[in-house]
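Please examine the structure shown below before reading on.

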Amino acid sequence: MPRYPNAVAVDSYNSTKAVGETLPYNINWSDMLASAETISTSNWTVSNSEMTLSDSQISGTQTTIKASAGKNGYNYVLTNTIVTSNGNTAVRNYNILVEPK
């Protein structure tokens, strides 16, 4: 991914989970961070409030969120927006299908 000042980049990942599971979703941002650039803020949102998000963390070049609940057969989009120490903004999505396991 190119490194442009104040650019917004969007990548997506796909995953599945069951209704009763609480699972962590991690994004490693090292491919878009310049040398010595760090993650200043990380904000997670979900496309529908039927899925619950908790325990947002930043650890080095990685952001993490835990997702629980949801309805079988429904797709949810987790969106993680970060702002870096250089003022860049980047967005990545997790597309999560809730299915019986």
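Strands are DSSP runs of E with at least two residues, and helices are DSSP runs of H or I with at least four residues, both numbered from the N terminus. Two strands pair if DSSP finds at least two bridges between them. In β5, Gln 62 is the bridge partner of Ser 59.

The model is predicted, so that local features require pLDDT of at least 70 and side-chain atom pairs count only at pLDDT 80 or more, while totals for chains, interfaces and linings use all residues. Numbering starts from 1 along each chain as its sequence is written, and side-chain values rest on heavy atoms, with hydrogens and water left out.

**Overall fold**

The protein contains zero helices and seven strands, and its pattern along the sequence is β-β-β-β-β-β-β. Taken along the principal axes, the C-alpha atoms fill a box of roughly 45 × 20 × 20 Å. The radius of gyration, taken over C-alpha atoms, is compared with a globule rule of 2.2 Å times the number of residues to the power 0.38. For 101 residues a compact globule would have a value near 13 Å, and the 14 Å of the protein agrees with this.

Contact means heavy atoms within 4.5 Å. Of the contacts with a separation of 6 or more, 65% are between residues 24 or more positions apart. Accessible areas come from the Shrake-Rupley method with a 1.4 Å probe, and for residues only the protein chains shown count as cover. The protein exposes about 5,400 Å², of which carbon and sulfur atoms supply 48%.

**The three-stranded sheet**

An open sheet of three strands has the order β2-β5-β4 with antiparallel pairing. Because β2 and β4 (51–59) stand at the edges with a single partner strand each, one side of each is left without a neighbour in the sheet. The antiparallel strands β4 and β5 are joined by seven bridges.

Most residues other than glycine have a negative phi. Relative accessible area (1.4 Å probe, protein chains only) is classed as buried under 20%, exposed over 50% and partly exposed in between.

| Residue | Phi | Relative accessibility |
|---|---|---|
| Ala 36 | about 70° | 74%, exposed |
| Ala 69 | about 70° | 25%, partly exposed |

Ala 36 lies in the loop between β2 (22–28) and β3 (39–46), whereas Ala 69 belongs to strand β5 (residues 62–69). Across the protein, buried residues make up 33% of the 101 residues.
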